[in-house]
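Biologist: I'd like to go through this model with you. Can you put it up and start with how you sort residues into classes?

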Amino acid sequence: MKLNKKLITVAIDSPAAAGAGTQAKLIAKEYKLFYLDTGKIYRYIGLLKLNHAKKFNYKFIRKKIKKLKMSELSKKNLLSEKVAISASIIAKDKKIRKIVQTFQKKCAYHPPKKYLGSVLDGRDIITVQVKDAMFKFFITASLNVRAKRRFHEYKLLNKKITFKEVLKNLRNRDKSDKKRKHSPLKKTKDSILINTTKLSKKASFKKIKAIMDKKIYN
Ligand code: C5P
């Protein structure tokens with residue numbers, strides 16, 4: 001089997017907790033791609049707003065994003081509902097989205113040399129950030145299943161939150177992400193739908209891998 005020389009770009013859009021992050025990590029590992037969870041950048045800015053309310057302006061955000069290290073994005077302090085809600089509020093701001101865009105495009109089109117390409121997941125990756133991606137997946141699952149998965153993750157992290165709260169927050173975030181004016185979450189016609197409601201992680205990845213292998217190895 002021969003690998004195409006071209007940079008492999010994978011763009012994934014999805015509502016929260018649909019399994020996009022899990023699939024993106026599996027894709028990254030399988031095809032040696034650089035992975036960026038773009039939601040973490042919005043969460044990082046959402047946390048900046050919560051922790052530095054007085055200093056929080058575009059100049060401050062720009063400075064922080066310029067110096068942003070990937071290690072910041074894997075910190076546990078980004079994994080709370082409070083931060084997720086703050087992220088979806090600041091994500092409506094056109095100027096903030098523009099600041100984040102430069103960082104994302106660099107990761108997508110100029111990943112570190114050791115990688116064969118990139119995989120980005122978020123809400124506007126196919127529609128705005130990596131419009132010409134080699135692979136475009138829209139990953140989704142029912143609200144109830146997503147809430148169950150997120151609730152389980154919180155339990156493992158010992159977070160004190162009820163299932164009802166998780167469900168309500170996800171519903172609100174879905175609404176906010178889909179109805180906002182700038183870069184709303186939507187499925188494009190040219191993206192492949194992967195509904196993980198009744199699929200295991202393994203079964204979802206099998207579907208994705210079959211699609212990718214067909215195009216990459218020829
Ligand atoms: O994916 P995650 O749930 O961590 O994203 C947190 C929030 O960041 C989302 O609810 C959304 O409002 C925002 N976001 C976005 N565009 C992206 C990724 C995330 O607006 N590409």
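Modeller: Ala, Val, Leu, Ile, Met, Phe, Trp, Tyr, Cys and Pro count as nonpolar, Asp, Glu, Lys and Arg as charged, and the others, with Gly among them, as polar. On that scheme, the lining of the second largest pocket has eight nonpolar, two polar and three charged residues. Keep in mind that this is a predicted model.

Biologist: How much space lies in that second largest pocket?

Modeller: About 280 Å³. Its lining is made of 13 residues, and the closest to the centre are I65, K66, T102, F103 and K106.

Biologist: Which helix gives the most to that lining?

Modeller: Helix α5, with five residues. Both α3 and α5 supply at least two residues each.

Biologist: Let's look at α3, then. Which of its residues are buried?

Modeller: The helix covers residues 58-66, and the buried ones are F60, I61 and I65. Looking down the axis of α3, these buried residues fall within an arc of 125°, so they line one face of the helix.

Biologist: And what is exposed on the other side?

Modeller: Three lysines, K59, K63 and K66, are exposed there.

Biologist: What do the buried residues of α3 pack against?

Modeller: Two helices: α2, residues 39-51, and α5, residues 94-109.

Biologist: Which residue caps the N-terminal end of α3?

Modeller: N57 does, with a side-chain oxygen 3.2 Å from the backbone nitrogen of K59.

Biologist: Back to α5. I was wondering about Q104, which lies in that helix. Buried or exposed?

Modeller: Buried: the relative accessibility of Q104 is 0%, and the cut-off for buried is under 20%.

Biologist: What is Q104 in contact with, leaving aside neighbours within four places in sequence?

Modeller: The contacts of Q104 are L36, T38, I41, Y42, L120 and Q129.

Biologist: Change of topic. How much space lies in the largest pocket?

Modeller: About 1,300 Å³. The largest pocket is lined by 47 residues, and G21, Y35, D37, D121 and R150 are the closest to its centre.

Biologist: Which elements give two or more residues to that lining?

Modeller: The helices are α1 (20-31), α2, α4 (81-90), α7 (143-156), α8 (163-179) and α9 (201-216).

Biologist: How many of the residues lining the largest pocket are nonpolar, polar and charged?

Modeller: The lining of the largest pocket has 18 nonpolar, 14 polar and 15 charged residues.

How values were computed
Residues are numbered from 1 along each chain as its sequence is written. This is a predicted model: local features need pLDDT of at least 70, side-chain atom pairs count only at pLDDT 80 or more; totals for chains, interfaces and linings use all residues. Side-chain values use heavy atoms; hydrogens and water are left out. Buried means under 20% relative accessible area, exposed over 50%, partly exposed in between (1.4 Å probe, protein chains only). Helices (H or I, at least four residues) and strands (E, at least two) are DSSP runs, numbered from the N terminus. The arc is that of the directions from the helix axis to the C-beta atoms. Contact means heavy atoms within 4.5 Å. A polar contact is a pair of N or O atoms within 3.5 Å; within protein, one must be able to donate a hydrogen and the other to accept it, and residues adjacent in sequence count only if both atoms are side-chain atoms. On a 1 Å grid over the protein atoms alone, a cavity is a set of points where a 1.4 Å probe fits but cannot get out, and a pocket is an open set with protein on both sides within 12 Å along at least five of seven lines; lining residues have an atom within 4 Å of a point. Grid points are joined across faces, edges and corners, and a volume is the space filled by probe spheres set on the points.
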